Amino acid sequence: METEANKLVVLGAGWLGHALCVRAQKAGWQVQGTHRTDVHESNFERQFTLEDGQLVHQIDLQDAYWICAIPPRSRDSESNYLETLTAALTLSKKLNAKGFLLCSSTGVYDQEPGLYSESSDISCTNERQIKLYEAEEQVLEHDGKVLRLAGLLGPSREPGRFVAGKELNTSSEQVVNMVHQQDVINAIFAVIEHWQVGQNIYNVVNPAHPTKAEYYAVKCAEHGGELPRFTSDDKAERKVIGSAIEALGFTYQYGI
């Protein structure tokens, strides 16, 4: 991590954002990570929320990199995700941000079988795609960058625990697109360190793509859980490629 870029604002200091704040702080960065309330447990936490359309916040770091790690699908952000992002971009400009990076999702791609890269067309045929795409466009219009994250796993988020005994509305032969929390954090720092030369959009997806039947069999066995059931066994491979970011010297170090 470069020492000159030593200020970081993390919008959404939740499961991913909090871990990012802790890593940056340990590396000597000045860090502010946001929550919706003004009740804080860590010294880097600050309030950032919209109340009746008005921004209430405690962010004051000048010349920082901004990372939006607010989950687009979380219950708290569902109703005003785009409005919150707009307010964040406006504030980041006022505070002379060095760059704004949005943690988006590979859910922006179509759900049909195929190989998907950063240059793939996006059809915006469902509400989630539309919201993700509109958020990305907002950030790109402000000269920001986008990371499209695959399904996340890591501490306290083990796939075997989530799916044990459930019926999954997918094919057992569909492949998984997953990535570890720590690889995402490493990817974020890789983009920051190469801000002037990197692409505007990167997928962050582990190169391993086992079938869901294979993957969840292993994960459920690790936790002693019952295997999930699938609604079909049709061959339906939807694979998102996350290799482009390796051009920045980034490597996937954590298994899925």
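Mentor: A polar contact is a pair of N or O atoms within 3.5 Å; within protein, one must be able to donate a hydrogen and the other to accept it, and residues adjacent in sequence count only if both atoms are side-chain atoms. This is a predicted model, where local features need pLDDT of at least 70 and side-chain atom pairs 80 or more, while totals for chains, interfaces and linings use all residues. Residues are numbered from 1 along each chain as its sequence is written, and side-chain values use heavy atoms, without hydrogens and water.

Trainee: OK. Which backbone nitrogen does the side chain of Gln-129 reach?

Mentor: That of Thr-125, at 2.9 Å. The Gln-129 side chain also reaches the backbone oxygen of Val-108, at 3.0 Å.

Trainee: Where is Gln-129?

Mentor: In helix α3, residues 127-141. Helices here are DSSP runs of H or I, at least four residues, and strands are runs of E, at least two, numbered from the N terminus.

Trainee: Is Gln-129 buried or exposed?

Mentor: Gln-129 is buried, with a relative accessible area of 1%. Buried means under 20%, exposed over 50%, partly exposed in between (1.4 Å probe, protein chains only).

Trainee: What does Gln-129 touch?

Mentor: Leaving out residues up to four places away in sequence, Gln-129 touches Gly-107, Val-108, Tyr-109, Asp-110, Ile-122, Ser-123 and Cys-124. Contact means heavy atoms within 4.5 Å.

Trainee: New topic. Which residues are buried in α1?

Mentor: Leu-16, Gly-17, Ala-19, Leu-20, Cys-21 and Ala-24. Their cover includes strands β1, β2, β5, β6 and β8, and helix α5 (181-193).

Trainee: And what follows α1?

Mentor: Gly-28, with a positive phi near 95°.
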